[in-house]
Number of protein chains: 4
Amino acid sequence: MAGNSFGQLFRITTFGESHGLAVGVIIDGVPPGFDLDLAAIQTEMDRRRPGQSKVVTMRKEPDKVEIMSGMFEGKTTGTPLMMIVHNSNARPGDYDNIKDFFRPGHADYTYLKKYGIRDYRGGGRASARETVGRVAAGAVAKQLLARRGVRIVAYTLRAGGIACKQVDLDVIEKNPMRACDLEAAELMVTRVDEIRSQVDSIGGIIECRIMGVPVGLGEPVFDKLDADLAKAILSIPATKGIEFGTGFAAADMTGSQHNDPMTPDGFLSNNAGGILGGISNGNEIVFRTVIKPTSSIAHEQQTINTSGEPVTIRVTGRHDPCLCPRAVPVVEAMTALVLEDHFKRQESLGHSCYAPAG
Amino acid sequence: MAGNSFGQLFRITTFGESHGLAVGVIIDGVPPGFDLDLAAIQTEMDRRRPGQSKVVTMRKEPDKVEIMSGMFEGKTTGTPLMMIVHNSNARPGDYDNIKDFFRPGHADYTYLKKYGIRDYRGGGRASARETVGRVAAGAVAKQLLARRGVRIVAYTLRAGGIACKQVDLDVIEKNPMRACDLEAAELMVTRVDEIRSQVDSIGGIIECRIMGVPVGLGEPVFDKLDADLAKAILSIPATKGIEFGTGFAAADMTGSQHNDPMTPDGFLSNNAGGILGGISNGNEIVFRTVIKPTSSIAHEQQTINTSGEPVTIRVTGRHDPCLCPRAVPVVEAMTALVLEDHFKRQESLGHSCYAPAG
Amino acid sequence: MAGNSFGQLFRITTFGESHGLAVGVIIDGVPPGFDLDLAAIQTEMDRRRPGQSKVVTMRKEPDKVEIMSGMFEGKTTGTPLMMIVHNSNARPGDYDNIKDFFRPGHADYTYLKKYGIRDYRGGGRASARETVGRVAAGAVAKQLLARRGVRIVAYTLRAGGIACKQVDLDVIEKNPMRACDLEAAELMVTRVDEIRSQVDSIGGIIECRIMGVPVGLGEPVFDKLDADLAKAILSIPATKGIEFGTGFAAADMTGSQHNDPMTPDGFLSNNAGGILGGISNGNEIVFRTVIKPTSSIAHEQQTINTSGEPVTIRVTGRHDPCLCPRAVPVVEAMTALVLEDHFKRQESLGHSCYAPAG
Amino acid sequence: MAGNSFGQLFRITTFGESHGLAVGVIIDGVPPGFDLDLAAIQTEMDRRRPGQSKVVTMRKEPDKVEIMSGMFEGKTTGTPLMMIVHNSNARPGDYDNIKDFFRPGHADYTYLKKYGIRDYRGGGRASARETVGRVAAGAVAKQLLARRGVRIVAYTLRAGGIACKQVDLDVIEKNPMRACDLEAAELMVTRVDEIRSQVDSIGGIIECRIMGVPVGLGEPVFDKLDADLAKAILSIPATKGIEFGTGFAAADMTGSQHNDPMTPDGFLSNNAGGILGGISNGNEIVFRTVIKPTSSIAHEQQTINTSGEPVTIRVTGRHDPCLCPRAVPVVEAMTALVLEDHFKRQESLGHSCYAPAG
């Protein structure tokens, strides 16, 4: 109820603060007898971790995942899978200078007002380091989904005002921005260099595509597949919006333009983004989320201290000039968690009327 | 788990199909001893019901709410409040012509594939008539929130390509589009007339403002206030996206532009939309949602029948040319449900460190 | 969260007060395409209703169930099934004499202290009339379980100090006490007549047997099958305990006596009551619950009024001298709800390793 | 949903297997700003751990708790509190001899049938070692309850056929049986020595008293305080029943005997066990649970192996001859978890009409 769990039948609970001893996750609902690929989990962790390229923060955290329970002789047992990452690079001292200040764009002020106490070390629980547990759990979900024929790919579609001109899924892991267009990626890297020199940061848009989802996933009314994805994505730090299919552009369309015509071979278009009435329609599921520019900037900013007095602040330290590259695996992870959960919910219906994905 | 409940401590469960006997809702978690204003509930129902103006469907449904439990001598008792609306205008026969067709843009196909059975009468459970229960429950939540000093106002910000130029909350209920700008509203009405004559429909954008929320609402990590609002809003039929504060425009901003400076008198801007780290910051909460153009249009469209054969279809009958005016109270209702729930969650923390809303 | 819902995947939410307009239930999670037998639901209602025999209260309530949603052309659709029973015999005036008194053994005092308000008409929500919704929902669960080969039978094992000497399932519905032994039943009826003349009441024990449950139902750790059954049964008004298999007698046994030996043909005994480690073992599941003597008695009793002053009270009106006969279908209903829920939970595991019931 | 979480607003999720790397728990819902007494947590762990006296198993496990998150500068922060105990005494090799056998009275058979895979090392997740996380979390709940004036005391009331003649709370921690009567305790110890020499085991009854609970805790209908306690207690390994107040003896009582008379100074008796209509009535809450004799005995027993063939088995190793002494802190822990959760639920009602405990 305090909001640190997510999902119904494939349910995760995360713990840990940025500069505490460890961060991690318990997954309750892992099917038994599954050959979990531990290396694949670590690969996802590596995509999320800092220090992986020159466009992200230079902090060095190996983020080595250890599985403490739920496995026996290399297989899952159906009991809770606990994964932990010890914080090796904790430097609480770094944050003494901000302990009495509310950093603009951060949750410092809201946490203190909500709880009456704040772990100011790197944002504590509000740090994006909290997403370690999400990515670890998402990596498990991805493996379960692969078995179902489902593939999730997210990428930077736009950053710093530069838009990708094409969507080439093959280049995403070949450029540090995780963009879907190499040319745009180069421009984005240049823009990152520039903004870094200005001690500022940039925002962007991440697009996510889910392939291979059969017709029938999603619970109508409140737990629509898009509603649950929206919650999942908006729970990621720094996201400020989400849209499905044509999204906000639908506001200016007519019904005859927006309705996707159906044929015996499938839909002729995908304005709906693969979901109708909250239920997957067999089309590719497509959504976009906007990532705000990193709040931690060394730019001088106006704020107040914990005594309520006006002060100026420069948030120095090792921060990402653009959050998109490292947010991509988090978007994929949250998406995977929602999908695996909805597959299990569909299975509990006790019948299988899935149509093949179109 | 089948997704017909929403909320944790202020929790609703809805029931009913478009052309069944009744639709309604149970609220579990209504505080005891509250003087519920039944007329105010009916007022919200009237804002949602068809036939209220010339820009919406001409169907006549009085949508009279009856309270069947949870009250005693005019006060709530803390037990479940059940509200029911009998369907007086059910015309199942109207739908014989579509029972073998999948209407484009509708959930006909996905429901049938998911469940293996479909109540085709007016969309059954997938009909927007399902929102009757939401609005009734939201009307209760609104009254509870008013007591807390919270006010929620939604309005049509854009429709059919026409944008409001100003936000005037006083004119919303004075124009049939529920737009926040009377001049724009007139243009929108003209556009509705035009699109109706073209047997087509238009989409739009609804903006919602929440005033008077103190600092501290929202559970960090998964149940962030914006994440829960996103789920709530995306669960409304026809919504395709949501954005908070500057929303998707944040993609092209820098950190120094987007961070809201703080002063002893509050924030100097509201790019965040009133939420930081998933927790309300005392600013006005602002979000927008996109409403797709009505799927039911008499335009000839390509689709398939339940045997999988290609056919064309014109969805005739009494439909809204633009969903925005009737969706406005639904957006407000879902917003109210989220807020009342989060107030109760905050109270269960067992302390009151709310700062006054800024 | 306010406690009016039960179950996870087969989930019910009930509403209604004893002398309000109606009582009822929403079931969320009914599988689609099921031919629901409405007469069978009514039969269960009739087993629960007052006035059915001379050993129970003489109140006349037809308790006619109406299904308001979730069905189409005689089949369930997978959407919420709402069932309502209008209160035809409400006589609120009957209770004016108790509105200022706390009836001993009742929840009058605790409700008022908890909520600060009390619907005193017949106990309001605390009345056993609340179980109408449970029995209606349980009747649906029973039909779903029958399809799975599961049968649930409860009966009065002991009442007013008289114990059944044998367990004959065929006689249960042939005697007004719903006892499993006709001879004992006759003695019980005599005892009921006697106690009625003394304006007093008697308690008893109900035993429940569940046949046909395969191995594998129940989630270990917190949601053990016996733990969930215990919660279900102890949530029934007037129950004060539950025991499985040999139950409390196990306290005086040794491990070599209590452990059930296994053979290739099944277990040689059933001290465990059909559950090991919280999971069904294929044996018959057996438990007993104790029903306290009816609290509403015309005996003069010492109590206080709402002003805290000492008074004496005689609770007159039409009350059951022994709750067992009418509690039997409620015990079966709650048992059915737990089992159907756990079947669905097991199905969400995504594999079928059920062993046949032994 | 897979059943490894417990509670609503004070919610725990446990993980770990008997011979895995670690066991532990996440608590979500710890109030912020609380000075947690770590030594008091360890004290509860020590009451539960093996090797503490001659009447329990001789295994040596220090069971040292480490807190990995949720604290800052000695105070809780309102974020998830993760506590872990590394398994220092894991001897997986000890269990090679049982890996192909189903131990009578254990969950070996049911786990394998449910999951298709079984961690046979010491029972894996089905081991009572799983209760480490419960006791750690319960120790936190106890501290929070102490602040509310609530005290929970459990003790062995009966074991091996020997009944305590008096309830002296002061002697419980002064005898290895945790009995409430020193004379009975001595007889019990003698009985334990005897049964151990017979390579057998004994059962018993634990009674629990909760003092200082105000009127008003418990959610009526399904989440009654007694229903939630019943689930909590029946989820503890080896429990086979629970009864409140006079419990099963109520079956033979009349209403005039069982109803507790009320006076301005409180109730004159406590047959109800402190709960009326599922809500605490201000009286002491009293319940008893039966603990079956330890299933692991070196007695020769009839069983089958995983190939379904008949075999005999002697379960050797270091086992408790009577589970009661070590189950006492587990009963207290589960009780504390239920109470703290219900306090928070009551607080979310948004008003305080608690009457002082009587």
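In chain D of this predicted model, strands β3 (residues 22-28) and β7 (residues 81-86) run antiparallel to each other and share 6 bridges. Strands here are DSSP E runs of at least two residues, helices are H or I runs of at least four, and both are numbered from the N terminus; two strands pair if DSSP finds at least two bridges between them. Within this pair, Gly24(D) has Ile84(D) of β7(D) as its bridge partner. The pair sits in an open, antiparallel sheet of 5 strands, ordered β1-β2-β3-β7-β4 (chain D). β1 (5-6) and β4 (66-69) of chain D are the edge strands with a single partner each, so one side of each has no neighbour in the sheet. Helix α3 (residues 131-147) of chain D packs on this sheet and touches β2 (11-16), β3 and β7 of chain D, its direction making about 35° with that of β3(D). Contact means heavy atoms within 4.5 Å; axes are lines fitted to C-alpha atoms, for helices over the stretch in contact, with angles from 0 to 180 degrees between N-to-C directions.

Between chains A and B, the contact draws on 108 residues from chain A and 109 residues from chain B. Here β11 (residues 239-244) of chain A pairs antiparallel with β11 (residues 239-244) of chain B over 3 bridges, and Gly241(A) has Glu243(B) as its bridge partner. The interface also holds 8 salt bridges (a Lys or Arg side-chain nitrogen within 4 Å of an Asp or Glu carboxyl oxygen). One of them joins Lys114(A) to Glu219(B), with the closest N and O atoms 3.3 Å apart.

Residues are numbered from 1 along each chain as its sequence is written, and chains are lettered from A and ligands numbered from 1 in the order in which they are written. Local features need pLDDT of at least 70, side-chain atom pairs count only at pLDDT 80 or more, totals for chains, interfaces and linings use all residues, and side-chain values use heavy atoms, leaving out hydrogens and water.
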